[in-house]
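Please keep the sequence and the coordinates in view.

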Amino acid sequence: MASTAGGMEIEKVAEETPELILKEYVDPLTGLRASQARKLAFGLGLEGEAFKNAVKFFQALYRAVVASDCSLAEINPLIVTTEGQVLALDAKMNFDDNALFRHADIVKLRDLNEEDPLEVEASKYNLNYVRLDGNVGCMVNGAGLAMGTMDIIKLAGGMPANFLDVGGGANPQTVENGFKIILSDPNVKAILINVFGGIVRCDRIAQGVIQAAQNVKITVPLVVRLEGTNAKEAGELLAHSGLPIIVAGTFKDAAEKVVASIQA
């Protein structure tokens with residue numbers, strides 16, 4: 001993707017002047033073809049030496065993305081000198097965490113001071129955590145379900161405080177670590193656990209939640225919704241745990257209960 005409207009948010013450009021955004025879809029088997037690189041350079045209005053150098057630049061950038069396992073490589077701004085050189089004046093690159101074992105040189109460049117302390121702490125427990133600005137802490141298994149959970153919390157009138165994917169296991173230790181991370185955020189006023197028990201039965205997940213809740217001092221309302229294998233048994237375990245856990249049935253019910261618990 002390339003645009004002459006540099007120096008501003010690409011989302012704003014896409015909304016107001018989408019015609020200024022050039023896109024080329026790359027086949028991973030063939031890579032960025034020379035014809036595609038030329039199309040981008042032509043679309044940017046480049047000529048002569050600048051055109052030739054831009055084609056080389058785009059192809060080199062794509063090779064760098066693949067070789068470094070990047071999830072993002074953003075050059076902004078890309079400048080053209082009076083001699084026709086095409087140079088990256090500034091850049092931002094993100095890397096696939098799952099591929100970092102292949103890039104010890106990149107790992108050495110990590111500066112923990114530039115990262116959110118809670119996100120750093122979560123990474124120690126292999127938790128996928130991203131801090132947000134809301135007040136409803138979320139603990140979910142699976143990225144898709146996590147995104148859906150955040151959406152329905154907003155639909156119910158709340159604001160998610162985080163994205164937290166605990167993975168497929170959701171065992172007591174994982175849930176306990178998740179509680180600690182979420183509760184470390186002073187903005188969190190309630191917690192919603194939304195887990196689908198497919199690989200792991202819901203009753204085992206419920207036992208893990210109960211054990212973790214007993215080990216961690218939870219000072220905010222806790223709403224739990226478990227769906228999947230043995231969901232009924234899981235609900236009974238939670239209801240008779242002796243802990244102040246609010247059991248929810250449906251997706252909508254869970255979101256409404258967690259928002260209501262804050263407003264109560």
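The model is a predicted one, in which local features need pLDDT of at least 70 and side-chain atom pairs count only at pLDDT 80 or more, while totals for chains, interfaces and linings use all residues. Residues are numbered from 1 along each chain as its sequence is written, and side-chain values use heavy atoms, with hydrogens and water left out. Helices (H or I, at least four residues) and strands (E, at least two) are DSSP runs, numbered from the N terminus.

Helix α7 covers residues 172-183 and helix α8 residues 202-215; their axes lie 8 Å apart, and the packing angle is about 45 degrees. Axes here are lines fitted to C-alpha atoms, for helices over the stretch in contact, and angles run from 0 to 180 degrees between N-to-C directions. The angle makes α7 oblique to α8, since angles under 35 degrees count as roughly parallel, over 145 as roughly antiparallel, 65 to 115 as roughly perpendicular and the rest as oblique. On the α7 side the contact (heavy atoms within 4.5 Å) is made by Pro172, Val175, Glu176 and Phe179, and on the α8 side by Gly208, Val209, Gln211, Ala212, Ala213 and Asn215. Six of these contact residues are nonpolar, three are polar and one is charged. In this scheme Ala, Val, Leu, Ile, Met, Phe, Trp, Tyr, Cys and Pro are nonpolar, Asp, Glu, Lys and Arg are charged, and the others, Gly among them, are polar.

Helix α7 also holds Asn177. With a relative accessible area of 8%, Asn177 is buried; buried means under 20%, exposed over 50%, and partly exposed in between, for a 1.4 Å probe and protein chains only. Leaving aside residues up to four places away in sequence, Asn177 touches Tyr125 and Leu127.

Ala34, Ala37, Arg38, Leu40, Ala41 and Phe42 of α2 meet Phe51, Ala54, Val55, Phe58 and Gln59 of α3. This contact comprises nine nonpolar residues, one polar and one charged.

Helix α6 (residues 143-155) has 13 residues, which at 1.5 Å a residue should span 18 Å, and its end C-alpha atoms agree with this at 18 Å apart. The expected span is 1.5 Å times one less than the number of residues. Ala146, Thr149, Met150, Ile152 and Ile153 are the buried residues of α6. Their cover includes β8 (136-140), β9 (162-165), β10 (190-197) and α10 (251-263). After α6 comes Gly157, with a positive phi near 100 degrees.

Backbone features also mark several loops. Asn126, in the loop between α5 (117-124) and β7 (128-131), has a positive phi near 60 degrees although it is not glycine; at 67% relative accessibility, Asn126 is exposed. Asn230 likewise has a positive phi near 60 degrees and sits in the loop between β11 (222-228) and α9 (231-239). Its relative accessible area of 27% makes Asn230 partly exposed. Finally, the peptide bond from Asn76 to Pro77 is cis, with omega near 10 degrees, and Pro77 lies in the loop between β3 (70-75) and β4 (78-80).
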